[in-house]
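Trainee: I would like to go through this model and ask what stands behind each label.

Mentor: Go ahead; here it is.

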Amino acid sequence: MAQSVHITTMRKMLQAGDPVDIKLWTKSGEIQTWHNCISLRYDHYAGVRNMKLLDSRQIRKVRDICIFEINGLTVTL
C-alpha cells in the first residue's frame, strides 16, 4: 500500500536541505521526475520555490501545489 505525506510535511522535507526525488506536473500538464534535487529558496506568498538539480546544476522554479510525489511518498493536501 502506498504511503502519503501532507504538503506541510513535504515542505519540511524540502527545507531540511537533503537531496530528494520528486514528481511534478508542469505548466503544460506534462509529468516530470526530478532526481537528486534540493530546495534553494521558497517564496511563501507566491507558493514558488527554486530547486537545484544537482546532476545537471540547473535551477528551476516549481509551485509546491504541483509536486505530487516526494521520495516515493504521495503528497496530499
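Mentor: A strand here is a DSSP run of E, at least two residues long, numbered from the N terminus. R49 lies in strand 4. Bear in mind that this is a predicted model.

Trainee: Why is R49 called buried?

Mentor: Buried means under 20% relative accessible area. R49 has 1% relative accessibility, so R49 counts as buried.

Trainee: What makes the pair R49 and D64 a polar contact?

Mentor: The cut-off for the N or O atoms is 3.5 Å. The side chains of R49 and D64 are joined at 2.7 Å, a polar contact. Leaving out residues up to four places away in sequence, R49 also touches others, including R11, L14, S39 and Y42.

Trainee: Which residues of helix 1 are buried?

Mentor: In helix 1, residues 7–15, they are I7, M10 and L14.

Trainee: How do you know that they line one face of helix 1?

Mentor: Viewed down the helix axis, the buried residues fall within an arc of 50°, so they line one face. An α-helix has 3.6 residues a turn, so residues three or four places apart point the same way. Exposed K12 and Q15 sit on the face turned away from the buried side of helix 1. Just after helix 1, G17 has a positive phi of about 90°.

Trainee: Which residues touch the most other members of the largest nonpolar core?

Mentor: I22, W34 and I70, in a core of 15 residues. Helix 1 and strands 2, 3, 4 and 6 each give two or more residues to this core. Beyond four places in sequence, the contacts of I22 include W34, M51, I67 and I70.

Definitions and conventions
Residues numbered from 1 in each chain as written. Predicted model: local features only at pLDDT ≥ 70, side-chain atom pairs only at ≥ 80, totals over all residues. Heavy atoms only, no water. Buried < 20%, exposed > 50% of the residue type's maximum accessible area, 1.4 Å probe, protein only. Helix = DSSP H or I, 4+ residues; strand = E, 2+ residues; numbered from the N terminus. Arc of directions from axis to C-beta. Core = buried A, V, L, I, M, F, W, Y, C linked by side-chain atoms within 4.5 Å. Contact = heavy atoms within 4.5 Å. Polar contact = N/O pair within 3.5 Å; in protein donor to acceptor, adjacent residues only side chain to side chain.
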